[in-house]
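Here is a quick tour for someone meeting this structure for the first time. Take a look at it, and then we'll walk through a few spots.

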Amino acid sequence: MLLTIDIGNSNINFGLYDGDKLLFVSRLLTEIKKTEMEYAVLIHHILHLQRLDAKQIHGAIIASVVPPLTPVIREAIRLTVPDAPVLQVGPGIRTGLRICTNNPNELGADFVASSVGAIEKYPLPAAIVDLGTATKISVVDKSHTFVGCSIMPGVSISLDALSSRANLLPHISLEPPVPVIGITTVDCMKSGVILGTASMLDGMLDRYEQEMGPMATVVACGGLANAVVPFCHRKILIDDRLILDGLYSIWKKNVGTLLKGS
């Protein structure tokens, strides 16, 4: 079994694969102050809740955009599964993705993993929308090249900024209904944040297609995809496991090298 870990700024997603089958996905809050042992205990509990034995895990792969937490999670895995090799998405790892940026080493591991996932699963060219701490749009073309991206403040960041900077605006949840024209403070904020983000995505994707031509696929991932994408006018697929599937694919591209000990 393979443990895949996506370390984001807000959440850490764990996925366990048995062959090509994803057995489960578990999400934890990203907490920088937690120790290796605390995360090891959490991983152990996750496996216990799924009635699985850590001894069945033969390897792990990490995509991280939180550098201080990466060695902590690596050590937590070592404490949980001492003999399992651990890969980290970064320079030197085989991905099958060409990166067309000024400094390919600067590209976040989440962009790499979601791009590989899109290449493996969907017709290209593909636009990938990641609705997490930041809202990101990226493009992979038919030649498996990461062409570029846009990065905007995420839904939660925008909402927190509204509530913290405007004294009369409360902290709210993002559950529907979401009216276009609100008549309460909460509904007005939902309209602006959720429908505003959905409209921004529609508009940005139009601009992307003006630059590159029609997209064969537009796919969304990230913790807030289900809150926003249903309100977009464009057809956008939601794939909650896109990054984890990308990590699984990257593992398979590197497993031969690992077995050779190089």
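## A residue in strand E1

Let's begin with Ile5, which sits in strand E1 (residues 2–7); strands (E, at least two residues) and helices (H or I, at least four) are DSSP runs numbered from the N terminus. This is a predicted model, where local features need pLDDT of at least 70, side-chain atom pairs count only at pLDDT 80 or more, and totals for chains, interfaces and linings use all residues. Residues are numbered from 1 along each chain as its sequence is written, and side-chain values use heavy atoms, with hydrogens and water left out.

Is Ile5 buried or exposed? Ile5 is buried, with a relative accessible area of 0% (buried means under 20%, exposed over 50%, partly exposed in between, with a 1.4 Å probe and protein chains only). Leaving aside neighbours within four places in sequence, Ile5 is in contact with residues including Phe14, Ile62, Ile77 and Leu247 (contact means heavy atoms within 4.5 Å). The C-alpha atoms of Ile5 and Asp130 are separated by 16 Å, and the two residues are 125 apart along the chain.

## Helix H5

Helix H5 covers residues 185–212, and its 28 residues should span 40 Å at 1.5 Å a residue, which agrees with end C-alpha atoms 40 Å apart (the expected span is 1.5 Å times one less than the number of residues). H5 has a kink of about 25°, centred on Gly196; the bend at a residue is the angle between axes fitted to the seven residues ending there and the seven starting there. Just after H5, Gly213 takes a positive phi of about 95°.

Among the buried residues of H5 are Met189, Val193, Leu201 and Tyr208. The buried residues of H5 pack against several elements, including strand E9 (145–153) and helix H4 (155–165).

## Two cavities

A search of the whole structure finds 2 cavities of 30 Å³ or more. On a 1 Å grid over the protein atoms alone, a cavity is a set of points where a 1.4 Å probe fits but cannot get out, and lining residues have an atom within 4 Å of a point. Grid points are joined across faces, edges and corners, and a volume is the space filled by probe spheres set on the points.

The largest cavity has a volume of about 40 Å³, and Asp110, Ser114 and Lys136 are among its lining residues. Helix H3 gives the largest share of that lining, 3 residues. The second largest cavity holds about 40 Å³ of space, and its lining includes Leu3, Phe14 and Ile57.

Conventions. 1 Å grid on protein atoms, 1.4 Å probe; cavity = no way out; pocket = protein on both sides within 12 Å on 5 of 7 lines; lining within 4 Å.
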